[in-house]
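Thanks for coming. I will go through one structure this morning, starting with its charged pairs and then moving on to a helix, some backbone details and the cavities.

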Amino acid sequence: MDDEILEQLRERYASGNLIVFAGAGVSAAAGMPTWKQLAEKLRDRARRRSADPAVLDEIQQYISSNQLINALSAAKLALGPQDFNWTVDKELDDTGRDVPEVAQAIAALKPKLKAVLTTNIDRFLERAFQGEWRVVDRPTGDVAMDRRFILKLHGTLRAWDTWVFSRDQYDRAIFGSPLLQDAFGALYRTHSILFVGFGLADDNIDQTLARVRALSGGQPPMHFALLPKGVPPFRRKLLEESGIRLIVYENQSGDHAEVAEILLGLEQGAAAPPQQPPRPATPAPGARSNAAPPSARPTVVPPGNARPTAQRPVRVFFSYASRDEELLSRLEAHMSPLKREGLIAPWHSGKIGAGEDLERAISEQLESADLILLLVSASFLASEQGDAQVTRAMERRAAGQAAVVPILLRPCDWETTRFAELQAVPRDKKPVTKWADEDEALLQVVREIRAVVTKLRASLG
(Lines give C-alpha, C1' and ligand atoms only; values in the text may rest on other atoms or scores of the structure.)
Protein backbone atom coordinates (compact mmCIF):
# COMPACT_ATOMS: atom_id res chain seq x y z
CA MET A 1 0.00 0.00 0.00
CA ASP A 2 1.39 3.43 -0.97
CA ASP A 3 1.56 5.37 2.29
CA GLU A 4 2.08 8.69 0.50
CA ILE A 5 -1.17 8.28 -1.42
CA LEU A 6 -2.94 7.17 1.74
CA GLU A 7 -1.73 10.32 3.49
CA GLN A 8 -3.00 12.44 0.58
CA LEU A 9 -6.39 10.74 0.95
CA ARG A 10 -6.42 11.46 4.67
CA GLU A 11 -5.64 15.13 3.98
CA ARG A 12 -8.54 15.37 1.51
CA TYR A 13 -10.87 13.84 4.06
CA ALA A 14 -9.68 16.17 6.82
CA SER A 15 -10.30 19.17 4.53
CA GLY A 16 -14.00 18.29 4.22
CA ASN A 17 -13.82 17.97 0.42
CA LEU A 18 -13.88 14.18 0.05
CA ILE A 19 -16.81 12.37 -1.58
CA VAL A 20 -17.20 8.58 -1.40
CA PHE A 21 -18.49 6.90 -4.55
CA ALA A 22 -19.85 3.50 -3.47
CA GLY A 23 -20.15 0.73 -6.04
CA ALA A 24 -21.87 -2.66 -6.03
CA GLY A 25 -19.09 -4.26 -3.99
CA VAL A 26 -20.34 -2.41 -0.92
CA SER A 27 -23.65 -4.28 -1.08
CA ALA A 28 -22.08 -7.52 -2.29
CA ALA A 29 -20.23 -7.63 1.04
CA ALA A 30 -23.62 -8.31 2.66
CA GLY A 31 -24.40 -11.15 0.25
CA MET A 32 -26.35 -9.10 -2.29
CA PRO A 33 -25.82 -9.96 -5.97
CA THR A 34 -23.24 -7.99 -7.92
CA TRP A 35 -24.36 -6.31 -11.15
CA LYS A 36 -23.02 -9.34 -13.03
CA GLN A 37 -24.92 -11.78 -10.82
CA LEU A 38 -28.06 -9.65 -11.14
CA ALA A 39 -27.73 -9.73 -14.92
CA GLU A 40 -27.37 -13.53 -14.76
CA LYS A 41 -30.50 -13.85 -12.62
CA LEU A 42 -32.43 -11.69 -15.08
CA ARG A 43 -31.10 -13.78 -17.98
CA ASP A 44 -32.26 -16.96 -16.22
CA ARG A 45 -35.71 -15.49 -15.62
CA ALA A 46 -35.95 -14.49 -19.28
CA ARG A 47 -35.01 -18.08 -20.20
CA ARG A 48 -37.77 -19.43 -17.92
CA ARG A 49 -40.17 -17.04 -19.64
CA SER A 50 -39.21 -18.63 -22.99
CA ALA A 51 -37.46 -15.57 -24.37
CA ASP A 52 -36.06 -15.70 -27.91
CA PRO A 53 -32.75 -17.67 -27.89
CA ALA A 54 -31.12 -14.88 -29.88
CA VAL A 55 -32.05 -12.40 -27.14
CA LEU A 56 -30.66 -14.74 -24.48
CA ASP A 57 -27.43 -15.08 -26.44
CA GLU A 58 -27.16 -11.30 -26.67
CA ILE A 59 -27.61 -10.92 -22.91
CA GLN A 60 -24.97 -13.61 -22.31
CA GLN A 61 -22.50 -11.93 -24.68
CA TYR A 62 -22.84 -8.67 -22.79
CA ILE A 63 -22.36 -10.48 -19.47
CA SER A 64 -19.28 -12.34 -20.74
CA SER A 65 -17.67 -9.09 -21.92
CA ASN A 66 -18.58 -7.27 -18.67
CA GLN A 67 -20.85 -4.83 -20.51
CA LEU A 68 -23.24 -5.08 -17.61
CA ILE A 69 -25.29 -1.97 -18.29
CA ASN A 70 -26.01 -3.30 -21.78
CA ALA A 71 -26.83 -6.71 -20.29
CA LEU A 72 -29.36 -5.18 -17.91
CA SER A 73 -30.87 -3.09 -20.70
CA ALA A 74 -31.25 -6.15 -22.94
CA ALA A 75 -32.80 -8.13 -20.08
CA LYS A 76 -35.32 -5.35 -19.45
CA LEU A 77 -36.32 -5.42 -23.10
CA ALA A 78 -36.72 -9.22 -22.98
CA LEU A 79 -38.77 -9.32 -19.77
CA GLY A 80 -40.75 -6.11 -20.11
CA PRO A 81 -40.63 -3.27 -17.57
CA GLN A 82 -43.01 -4.78 -15.00
CA ASP A 83 -41.36 -8.20 -14.77
CA PHE A 84 -37.88 -6.65 -14.89
CA ASN A 85 -38.69 -4.22 -12.07
CA TRP A 86 -40.31 -6.90 -9.92
CA THR A 87 -37.29 -9.20 -10.29
CA VAL A 88 -34.74 -6.46 -9.55
CA ASP A 89 -36.77 -5.28 -6.53
CA LYS A 90 -36.87 -8.84 -5.17
CA GLU A 91 -33.19 -9.57 -5.75
CA LEU A 92 -31.90 -6.28 -4.30
CA ASP A 93 -34.20 -6.12 -1.29
CA ASP A 94 -31.90 -5.72 1.74
CA THR A 95 -34.67 -6.31 4.31
CA GLY A 96 -33.41 -8.62 7.04
CA ARG A 97 -29.77 -8.40 5.96
CA ASP A 98 -27.13 -6.94 8.24
CA VAL A 99 -25.53 -3.67 7.12
CA PRO A 100 -22.05 -4.61 5.80
CA GLU A 101 -18.96 -3.39 7.64
CA VAL A 102 -17.78 -1.32 4.68
CA ALA A 103 -21.09 0.63 4.65
CA GLN A 104 -20.73 1.21 8.38
CA ALA A 105 -17.15 2.37 7.83
CA ILE A 106 -18.32 4.89 5.21
CA ALA A 107 -20.91 6.16 7.68
CA ALA A 108 -18.17 6.52 10.31
CA LEU A 109 -16.69 9.26 8.08
CA LYS A 110 -19.75 11.48 8.70
CA PRO A 111 -17.81 14.12 10.69
CA LYS A 112 -15.88 15.43 7.66
CA LEU A 113 -17.21 13.63 4.59
CA LYS A 114 -18.81 15.93 2.00
CA ALA A 115 -21.28 13.45 0.48
CA VAL A 116 -21.80 9.92 -0.79
CA LEU A 117 -22.59 8.98 -4.38
CA THR A 118 -23.71 5.46 -5.21
CA THR A 119 -24.98 3.36 -8.09
CA ASN A 120 -26.64 0.93 -5.64
CA ILE A 121 -30.42 1.04 -5.28
CA ASP A 122 -30.62 -0.94 -2.02
CA ARG A 123 -30.83 0.87 1.34
CA PHE A 124 -27.67 -0.30 3.10
CA LEU A 125 -26.12 3.17 3.04
CA GLU A 126 -29.27 4.88 4.33
CA ARG A 127 -29.39 2.32 7.13
CA ALA A 128 -25.69 2.79 7.91
CA PHE A 129 -26.21 6.57 8.17
CA GLN A 130 -29.27 5.89 10.36
CA GLY A 131 -31.40 8.46 8.55
CA GLU A 132 -29.13 11.35 9.52
CA TRP A 133 -28.21 12.27 5.92
CA ARG A 134 -30.66 13.35 3.25
CA VAL A 135 -31.23 10.82 0.46
CA VAL A 136 -31.47 12.23 -3.08
CA ASP A 137 -32.52 10.22 -6.13
CA ARG A 138 -33.13 13.21 -8.41
CA PRO A 139 -30.23 15.69 -8.19
CA THR A 140 -30.71 19.42 -8.62
CA GLY A 141 -28.45 22.03 -10.15
CA ASP A 142 -27.06 23.10 -6.77
CA VAL A 143 -25.77 19.61 -5.89
CA ALA A 144 -22.14 20.79 -5.83
CA MET A 145 -23.00 23.38 -3.17
CA ASP A 146 -24.74 20.97 -0.81
CA ARG A 147 -23.32 18.73 1.92
CA ARG A 148 -24.28 15.67 3.97
CA PHE A 149 -26.38 13.83 1.41
CA ILE A 150 -26.49 10.39 -0.25
CA LEU A 151 -27.03 10.76 -3.99
CA LYS A 152 -28.40 7.57 -5.53
CA LEU A 153 -27.47 7.89 -9.19
CA HIS A 154 -29.41 4.79 -10.26
CA GLY A 155 -32.46 5.39 -8.08
CA THR A 156 -33.68 3.71 -4.91
CA LEU A 157 -35.45 0.48 -4.01
CA ARG A 158 -39.25 0.41 -4.31
CA ALA A 159 -39.32 3.70 -6.28
CA TRP A 160 -39.20 2.04 -9.69
CA ASP A 161 -39.63 5.30 -11.56
CA THR A 162 -36.24 6.49 -10.26
CA TRP A 163 -34.26 3.48 -11.52
CA VAL A 164 -31.53 3.91 -14.11
CA PHE A 165 -30.32 0.76 -15.86
CA SER A 166 -29.08 1.95 -19.23
CA ARG A 167 -26.62 4.51 -20.54
CA ASP A 168 -29.26 6.63 -22.22
CA GLN A 169 -31.29 6.71 -18.99
CA TYR A 170 -28.18 7.72 -17.06
CA ASP A 171 -27.37 10.48 -19.52
CA ARG A 172 -30.92 11.81 -19.39
CA ALA A 173 -31.26 11.54 -15.62
CA ILE A 174 -27.88 13.01 -14.64
CA PHE A 175 -26.49 14.89 -17.60
CA GLY A 176 -29.57 15.69 -19.67
CA SER A 177 -29.78 19.19 -18.22
CA PRO A 178 -27.04 21.79 -18.97
CA LEU A 179 -27.54 23.06 -15.41
CA LEU A 180 -26.91 19.60 -13.97
CA GLN A 181 -23.91 19.04 -16.24
CA ASP A 182 -22.36 22.27 -14.98
CA ALA A 183 -23.10 21.23 -11.40
CA PHE A 184 -21.45 17.83 -11.82
CA GLY A 185 -18.54 19.43 -13.59
CA ALA A 186 -18.01 21.64 -10.55
CA LEU A 187 -18.34 18.59 -8.28
CA TYR A 188 -15.64 16.64 -10.11
CA ARG A 189 -13.31 19.63 -10.50
CA THR A 190 -13.44 20.93 -6.95
CA HIS A 191 -13.74 17.77 -4.83
CA SER A 192 -11.79 14.56 -4.47
CA ILE A 193 -13.71 11.33 -5.00
CA LEU A 194 -12.88 8.01 -3.35
CA PHE A 195 -14.17 5.03 -5.35
CA VAL A 196 -15.10 2.10 -3.08
CA GLY A 197 -16.62 -1.22 -4.08
CA PHE A 198 -15.86 -1.14 -7.80
CA GLY A 199 -14.28 -4.10 -9.60
CA LEU A 200 -11.31 -4.11 -11.94
CA ALA A 201 -13.53 -4.91 -14.92
CA ASP A 202 -16.60 -2.84 -14.11
CA ASP A 203 -18.09 -0.82 -16.98
CA ASN A 204 -20.00 1.18 -14.40
CA ILE A 205 -16.78 2.78 -13.22
CA ASP A 206 -15.58 3.09 -16.84
CA GLN A 207 -18.66 5.16 -17.60
CA THR A 208 -18.07 7.33 -14.55
CA LEU A 209 -14.36 7.81 -15.32
CA ALA A 210 -15.22 8.88 -18.86
CA ARG A 211 -17.43 11.56 -17.32
CA VAL A 212 -14.65 12.55 -14.92
CA ARG A 213 -12.23 13.03 -17.82
CA ALA A 214 -14.77 14.98 -19.86
CA LEU A 215 -15.93 17.21 -17.01
CA SER A 216 -12.45 17.95 -15.72
CA GLY A 217 -11.46 19.68 -18.96
CA GLY A 218 -8.24 17.69 -19.36
CA GLN A 219 -7.04 18.63 -15.87
CA PRO A 220 -8.54 16.01 -13.57
CA PRO A 221 -8.35 16.71 -9.84
CA MET A 222 -6.93 14.21 -7.38
CA HIS A 223 -9.28 11.24 -6.99
CA PHE A 224 -8.69 7.89 -5.29
CA ALA A 225 -9.78 4.26 -5.64
CA LEU A 226 -9.51 1.33 -3.24
CA LEU A 227 -8.77 -1.76 -5.31
CA PRO A 228 -7.50 -5.27 -4.55
CA LYS A 229 -4.01 -6.27 -5.62
CA GLY A 230 -3.66 -7.27 -9.26
CA VAL A 231 -4.48 -4.14 -11.27
CA PRO A 232 -3.11 -4.82 -14.79
CA PRO A 233 -0.84 -2.19 -16.42
CA PHE A 234 -3.32 -0.85 -18.99
CA ARG A 235 -6.07 -0.61 -16.39
CA ARG A 236 -3.73 1.28 -14.08
CA LYS A 237 -2.85 3.67 -16.90
CA LEU A 238 -6.54 4.30 -17.66
CA LEU A 239 -7.25 5.04 -14.02
CA GLU A 240 -4.24 7.32 -13.60
CA GLU A 241 -5.17 9.28 -16.73
CA SER A 242 -8.49 9.99 -15.04
CA GLY A 243 -6.67 11.46 -12.05
CA ILE A 244 -7.18 8.33 -9.94
CA ARG A 245 -4.53 7.46 -7.36
CA LEU A 246 -4.71 3.78 -6.48
CA ILE A 247 -4.69 2.45 -2.93
CA VAL A 248 -4.08 -1.24 -3.52
CA TYR A 249 -4.65 -3.71 -0.69
CA GLU A 250 -3.68 -7.37 -0.43
CA ASN A 251 -7.13 -8.92 0.11
CA GLN A 252 -5.43 -11.97 1.55
CA SER A 253 -8.63 -13.31 3.10
CA GLY A 254 -10.65 -12.72 -0.09
CA ASP A 255 -13.38 -10.77 1.70
CA HIS A 256 -11.95 -7.24 1.15
CA ALA A 257 -11.89 -6.66 4.93
CA GLU A 258 -9.03 -4.19 4.47
CA VAL A 259 -11.42 -1.70 2.86
CA ALA A 260 -13.33 -1.12 6.10
CA GLU A 261 -10.04 -0.89 8.01
CA ILE A 262 -8.65 1.76 5.66
CA LEU A 263 -11.84 3.84 5.84
CA LEU A 264 -11.97 3.65 9.63
CA GLY A 265 -8.31 4.69 9.68
CA LEU A 266 -9.15 7.94 7.86
CA GLU A 267 -11.41 9.18 10.67
CA GLN A 268 -9.04 7.93 13.35
CA GLY A 269 -6.13 9.73 11.72
CA ALA A 270 -8.16 12.94 11.37
CA ALA A 271 -9.44 12.80 14.94
CA ALA A 272 -6.18 12.18 16.76
CA PRO A 273 -2.62 11.00 16.11
CA PRO A 274 -2.16 7.24 16.35
CA GLN A 275 -1.24 6.01 19.82
CA GLN A 276 0.61 2.92 18.72
CA PRO A 277 1.82 1.47 15.44
CA PRO A 278 -0.31 -1.17 13.68
CA ARG A 279 0.70 -4.79 13.63
CA PRO A 280 2.89 -5.39 10.56
CA ALA A 281 1.38 -7.50 7.81
CA THR A 282 2.81 -10.95 7.25
CA PRO A 283 4.16 -11.27 3.68
CA ALA A 284 3.39 -14.35 1.65
CA PRO A 285 6.13 -17.02 1.70
CA GLY A 286 9.00 -15.98 -0.53
CA ALA A 287 7.47 -12.57 -1.21
CA ARG A 288 9.38 -9.36 -0.76
CA SER A 289 7.80 -7.07 1.80
CA ASN A 290 7.08 -3.52 0.62
CA ALA A 291 5.65 -2.48 3.98
CA ALA A 292 6.76 0.86 5.30
CA PRO A 293 8.30 1.03 8.78
CA PRO A 294 5.70 1.21 11.58
CA SER A 295 6.24 4.93 12.12
CA ALA A 296 5.31 5.67 8.50
CA ARG A 297 2.16 3.57 8.31
CA PRO A 298 -1.29 4.79 9.36
CA THR A 299 -3.02 3.15 12.27
CA VAL A 300 -6.26 1.46 11.27
CA VAL A 301 -8.88 0.13 13.64
CA PRO A 302 -10.18 -3.35 12.83
CA PRO A 303 -13.97 -3.30 12.45
CA GLY A 304 -14.47 -5.44 15.54
CA ASN A 305 -12.48 -2.98 17.66
CA ALA A 306 -13.89 0.26 16.27
CA ARG A 307 -14.56 2.98 18.81
CA PRO A 308 -18.22 2.93 19.91
CA THR A 309 -20.37 5.64 18.41
CA ALA A 310 -23.14 7.54 20.14
CA GLN A 311 -26.47 5.72 20.17
CA ARG A 312 -28.71 7.13 17.49
CA PRO A 313 -32.06 8.76 18.27
CA VAL A 314 -35.31 6.91 17.69
CA ARG A 315 -36.83 8.00 14.38
CA VAL A 316 -40.43 9.14 15.07
CA PHE A 317 -43.04 9.48 12.32
CA PHE A 318 -46.26 11.46 12.95
CA SER A 319 -49.29 10.32 10.94
CA TYR A 320 -52.00 12.98 11.20
CA ALA A 321 -54.77 14.88 9.42
CA SER A 322 -54.23 18.46 8.31
CA ARG A 323 -57.11 19.64 10.52
CA ASP A 324 -55.09 18.52 13.57
CA GLU A 325 -51.94 20.53 12.78
CA GLU A 326 -52.45 22.81 15.80
CA LEU A 327 -52.59 19.83 18.19
CA LEU A 328 -49.58 18.30 16.43
CA SER A 329 -47.65 21.51 17.05
CA ARG A 330 -48.54 21.47 20.74
CA LEU A 331 -47.58 17.81 21.03
CA GLU A 332 -44.22 18.56 19.40
CA ALA A 333 -43.63 21.31 21.94
CA HIS A 334 -44.26 18.87 24.80
CA MET A 335 -41.87 16.38 23.15
CA SER A 336 -39.08 18.95 22.69
CA PRO A 337 -37.16 17.72 25.79
CA LEU A 338 -36.93 14.27 24.17
CA LYS A 339 -35.50 15.83 21.03
CA ARG A 340 -33.10 18.08 22.97
CA GLU A 341 -31.81 15.06 24.90
CA GLY A 342 -31.04 13.34 21.59
CA LEU A 343 -33.57 10.58 22.27
CA ILE A 344 -35.77 11.14 19.21
CA ALA A 345 -35.58 12.45 15.66
CA PRO A 346 -39.19 13.50 14.90
CA TRP A 347 -40.61 13.91 11.39
CA HIS A 348 -43.95 14.75 9.82
CA SER A 349 -45.10 15.87 6.37
CA GLY A 350 -45.05 19.52 7.44
CA LYS A 351 -41.26 19.35 7.22
CA ILE A 352 -41.31 18.69 3.46
CA GLY A 353 -39.79 21.59 1.55
CA ALA A 354 -41.13 23.33 -1.55
CA GLY A 355 -40.57 21.35 -4.73
CA GLU A 356 -39.97 18.02 -2.95
CA ASP A 357 -41.87 14.90 -3.96
CA LEU A 358 -44.52 14.67 -1.22
CA GLU A 359 -45.46 11.01 -1.60
CA ARG A 360 -41.87 9.78 -1.90
CA ALA A 361 -40.72 11.78 1.13
CA ILE A 362 -43.57 10.42 3.26
CA SER A 363 -42.97 6.87 2.07
CA GLU A 364 -39.24 6.97 2.79
CA GLN A 365 -39.73 8.43 6.26
CA LEU A 366 -42.49 5.96 7.09
CA GLU A 367 -40.29 3.06 5.98
CA SER A 368 -37.34 4.18 8.10
CA ALA A 369 -39.29 5.10 11.25
CA ASP A 370 -38.74 3.20 14.50
CA LEU A 371 -41.84 4.66 16.18
CA ILE A 372 -45.04 5.63 14.34
CA LEU A 373 -47.49 7.87 16.19
CA LEU A 374 -51.09 7.83 14.90
CA LEU A 375 -52.81 11.12 15.80
CA VAL A 376 -56.38 9.85 15.89
CA SER A 377 -59.43 11.97 15.10
CA ALA A 378 -62.46 11.73 12.83
CA SER A 379 -60.53 13.66 10.17
CA PHE A 380 -57.65 11.20 10.43
CA LEU A 381 -59.96 8.21 10.07
CA ALA A 382 -61.60 9.82 7.03
CA SER A 383 -58.28 10.47 5.29
CA GLU A 384 -57.27 8.07 2.51
CA GLN A 385 -53.63 8.96 3.07
CA GLY A 386 -54.02 8.29 6.79
CA ASP A 387 -55.61 4.93 6.03
CA ALA A 388 -52.68 3.97 3.76
CA GLN A 389 -50.19 5.01 6.43
CA VAL A 390 -52.02 3.01 9.09
CA THR A 391 -51.95 -0.05 6.83
CA ARG A 392 -48.19 0.22 6.30
CA ALA A 393 -47.56 1.04 9.96
CA MET A 394 -49.38 -2.09 11.09
CA GLU A 395 -47.50 -4.19 8.52
CA ARG A 396 -44.17 -2.92 9.82
CA ARG A 397 -45.29 -3.51 13.40
CA ALA A 398 -46.29 -7.11 12.56
CA ALA A 399 -42.86 -7.63 11.00
CA GLY A 400 -41.16 -6.32 14.15
CA GLN A 401 -39.76 -3.32 12.29
CA ALA A 402 -41.49 -0.47 14.15
CA ALA A 403 -43.60 0.35 17.19
CA VAL A 404 -47.03 1.96 16.69
CA VAL A 405 -48.83 4.10 19.28
CA PRO A 406 -52.30 5.63 18.68
CA ILE A 407 -52.73 9.05 20.32
CA LEU A 408 -56.40 9.96 20.82
CA LEU A 409 -56.82 13.62 19.91
CA ARG A 410 -60.58 13.97 19.37
CA PRO A 411 -63.64 11.79 19.96
CA CYS A 412 -64.23 9.34 17.08
CA ASP A 413 -65.14 5.71 16.40
CA TRP A 414 -61.52 4.48 16.57
CA GLU A 415 -62.29 1.25 18.47
CA THR A 416 -63.53 -0.36 15.26
CA THR A 417 -60.25 0.27 13.43
CA ARG A 418 -57.42 -2.15 12.68
CA PHE A 419 -55.26 -0.48 15.38
CA ALA A 420 -57.94 -0.82 18.10
CA GLU A 421 -55.98 -3.78 19.55
CA LEU A 422 -53.10 -1.45 20.46
CA GLN A 423 -52.74 0.40 23.77
CA ALA A 424 -53.78 3.97 23.00
CA VAL A 425 -52.83 7.08 24.95
CA PRO A 426 -54.05 8.78 27.06
CA ARG A 427 -54.51 5.41 28.75
CA ASP A 428 -58.04 6.05 30.00
CA LYS A 429 -59.15 6.37 26.33
CA LYS A 430 -60.23 9.95 27.01
CA PRO A 431 -59.25 12.07 23.96
CA VAL A 432 -56.97 15.06 24.54
CA THR A 433 -59.64 17.61 23.62
CA LYS A 434 -62.03 16.22 26.27
CA TRP A 435 -59.64 16.97 29.12
CA ALA A 436 -60.26 20.09 31.21
CA ASP A 437 -56.53 20.84 30.80
CA GLU A 438 -55.30 19.68 27.40
CA ASP A 439 -51.66 20.30 28.39
CA GLU A 440 -52.09 17.80 31.23
CA ALA A 441 -53.33 15.25 28.69
CA LEU A 442 -50.40 15.93 26.37
CA LEU A 443 -47.99 15.60 29.29
CA GLN A 444 -49.38 12.14 30.04
CA VAL A 445 -49.00 11.25 26.37
CA VAL A 446 -45.36 12.37 26.30
CA ARG A 447 -44.55 10.38 29.44
CA GLU A 448 -45.90 7.28 27.73
CA ILE A 449 -43.88 8.05 24.60
CA ARG A 450 -40.72 8.50 26.67
CA ALA A 451 -41.20 4.99 28.10
CA VAL A 452 -41.63 3.55 24.59
CA VAL A 453 -38.57 5.45 23.32
CA THR A 454 -36.44 4.18 26.22
CA LYS A 455 -37.43 0.61 25.41
CA LEU A 456 -36.78 1.07 21.70
CA ARG A 457 -33.33 2.55 22.25
CA ALA A 458 -32.38 -0.49 24.30
CA SER A 459 -33.40 -2.76 21.40
CA LEU A 460 -31.67 -0.62 18.77
CA GLY A 461 -28.31 -1.11 20.50
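The salt bridges in this predicted model come to 27. I will pick out a few of them.

Take Asp83 and Arg49, whose side chains meet at 2.2 Å, N to O. This pair links distant parts of the chain, 34 residues apart: Asp83 sits in helix α6, residues 81-91, and Arg49 in the loop between α3 and α4. Asp83 has a relative accessible area of 10%, so it counts as buried.

Next, Asp324 and Arg410. Their side chains form a salt bridge at 2.7 Å, again N to O. Here the partners are 86 residues apart, with Asp324 in the loop between β8 and α14, and Arg410 in the loop between β11 and α18. How accessible is Asp324, buried or exposed? Its relative accessibility is 0%, so Asp324 is buried.

There is also a network: Glu326, Arg330, Glu438 and Asp439 are joined through salt bridges that share partners.

The last pair I will mention is Glu91 with Lys90, where the closest N and O atoms are 3.6 Å apart. Glu91 is buried because its relative accessible area, 18%, is under the 20% cut-off. Lys90 is exposed because its 51% is over the 50% cut-off.

Now to helix α14. This helix covers residues 325-340, 16 residues in total, and reaches 22 Å from its first C-alpha to its last, close to the 22 Å expected. Where does α14 kink? The kink is at His334, about 45°, shortly before the proline Pro337. As for burial, the buried residues of α14 are Leu327, Leu328, Leu331, Met335 and Leu338. As background to that list, an α-helix has 3.6 residues a turn, so residues three or four places apart point the same way. After α14 comes Gly342, with a positive phi near 75°.

Pro426 lies in the loop between β11 and α18.

Lys429 belongs to that loop between β11 and α18 as well. Its phi is positive, near 65°, and Lys429 is not a glycine. Lys429 is partly exposed, at 46% relative accessibility.

Then there is Asn66, another non-glycine residue with a positive phi, about 60°. Asn66 is found in the loop between α4 and α5, and its relative accessible area of 24% makes it partly exposed.

Finally, the cavities. Rolling a probe the size of a water molecule over the atoms shows where empty space is left. How many cavities of 30 Å³ or more does a search of the whole structure find? It finds two.

Among the residues lining the largest cavity are Met32, Pro33, Trp35, Leu92, Asn120 and Asp122. The elements giving two or more residues to this lining are α2, residues 24-28, and α3, residues 35-48. Helix α2 gives the most, with three residues. By class, the lining of the largest cavity has seven nonpolar, three polar and one charged residues.

That is everything I have; I will take questions now.

Methods:
Residues numbered from 1 in each chain as written. Predicted model: local features only at pLDDT ≥ 70, side-chain atom pairs only at ≥ 80, totals over all residues. Heavy atoms only, no water. 1 Å grid on protein atoms, 1.4 Å probe; cavity = no way out; pocket = protein on both sides within 12 Å on 5 of 7 lines; lining within 4 Å. Points joined across faces, edges and corners; volume = space filled by probe spheres on them. Helix = DSSP H or I, 4+ residues; strand = E, 2+ residues; numbered from the N terminus. Nonpolar A, V, L, I, M, F, W, Y, C, P; charged D, E, K, R; others polar. Expected span 1.5 Å × (residues − 1). Bend = angle between axes of the 7 residues up to and from the residue. Buried < 20%, exposed > 50% of the residue type's maximum accessible area, 1.4 Å probe, protein only. Salt bridge = Lys/Arg side-chain N within 4 Å of Asp/Glu carboxyl O.
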